[in-house]
Amino acid sequence: MADTPATVFLKANGVQYTEHEYEYVERGGTEVSAQSLGVPEHHVVKTLVMEDEAGKPLIVLMHGDRKVSTKNLARQAERKRVEPCKPDAAQRHSGYQVGGTSPFGTRKKLPVYMERSILDLPEVYINGGRRGYLVRISSKDILRTLAPQLVDVALEA
C-alpha cells in the first residue's frame, strides 16, 4: 500500500500500526468504517478540522459515536467561538481530502485537542490519510506524537 503523509509521519516517529481498508461511502462517517471492520464505533476516532473566531484552524479528535460540544471546546481551548471548517478550508489547512483527514502529517502544524476518554482505549482506529483507510494504533502514541490538549467535550451522538 502506498504511503500517505500520515504513514510517513507514523514511521518517522516509531509508531507501530496496522492498516485497515474499507469501502468508503460519501457521508457514511465512522459508522460505515466501524461496521466494515467489525469494531465498535466508539473505537474509531474521527479527525475534525475546526476554526476559531479568528479563522485559525485546529484539529479535534473525537470518538466516532460522539459529537463535539463546540461551546465547551471553545471554553476549554480559551477561544471565543469554535465551529467546523468548510470542506475546502479543512482541506487547505490539513492537506487532506475531507473523509480522509488524518491528524498526522498535516500540511501545517495545527493545534490538536483530543477527547480525554480516548486514552481509556488501549488501541483506536484513526484515519491513515486517505478515504477508506484507517490505521490501528495505541492511543498513547497519539499522546506521544501529537501532544494534544486533552478536553472533555463529548456529547452523545
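Which residues are linked with Asp65 in a network of salt bridges? In this predicted model, the network joins Asp65, Arg66 and Glu156. Within it, the side chains of Asp65 and Arg66 meet in a salt bridge, at 3.2 Å from N to O. Arg66 has a relative accessible area of 19%. The cut-off for buried is under 20%, so Arg66 counts as buried.

The search of the whole structure finds 9 salt bridges. Side chains of opposite charge can pair when their charged atoms come close. One of the salt bridges is formed by Asp152 and Arg116. Their closest N and O atoms are 3.1 Å apart. This pair links distant parts of the chain. Asp152 sits in the loop between β9 (149-151) and β10 (154-156). Arg116 sits in the loop between β6 (112-115) and β7 (123-130). The two residues are 36 residues apart. Asp152 is partly exposed, at 42% relative accessibility. Arg116 is also partly exposed, at 37%.

Arg81 and Glu83 form another salt bridge. Here the closest N and O atoms lie 3.1 Å apart. Arg81 is partly exposed, with a relative accessible area of 39%. Glu83 is partly exposed too, with 34%. Glu83 also has a place in strand pairing: in β5, Glu83 is the bridge partner of Glu51.

β2 pairs with β5 (residues 82-84) in the antiparallel sense, over 3 bridges. With β3 (residues 57-63), the pairing is again antiparallel and runs over 7 bridges. β2 and β7 pair in the parallel sense, over 2 bridges. Val45 has bridge partners in two of these strands. In β7 the partner of Val45 is Ile126, and in β3 the partner is His63. β2 and β3 form a hairpin with 4 residues between the strands. In this hairpin, Gly55 takes a positive phi near 80 degrees.

Thr106 lies in the loop between α4 (87-94) and β6. Is Thr106 buried or exposed? Its relative accessible area is 18%, so Thr106 is buried. The side chain of Thr106 reaches the backbone oxygen of Lys108 at 2.6 Å. Leaving aside residues up to four places away in sequence, Thr106 touches Ile59, Ser94 and Tyr96.

Definitions and conventions:
Residues numbered from 1 in each chain as written. Predicted model: local features only at pLDDT ≥ 70, side-chain atom pairs only at ≥ 80, totals over all residues. Heavy atoms only, no water. Salt bridge = Lys/Arg side-chain N within 4 Å of Asp/Glu carboxyl O. Buried < 20%, exposed > 50% of the residue type's maximum accessible area, 1.4 Å probe, protein only. Polar contact = N/O pair within 3.5 Å; in protein donor to acceptor, adjacent residues only side chain to side chain. Contact = heavy atoms within 4.5 Å. Pairing = 2+ DSSP bridges.
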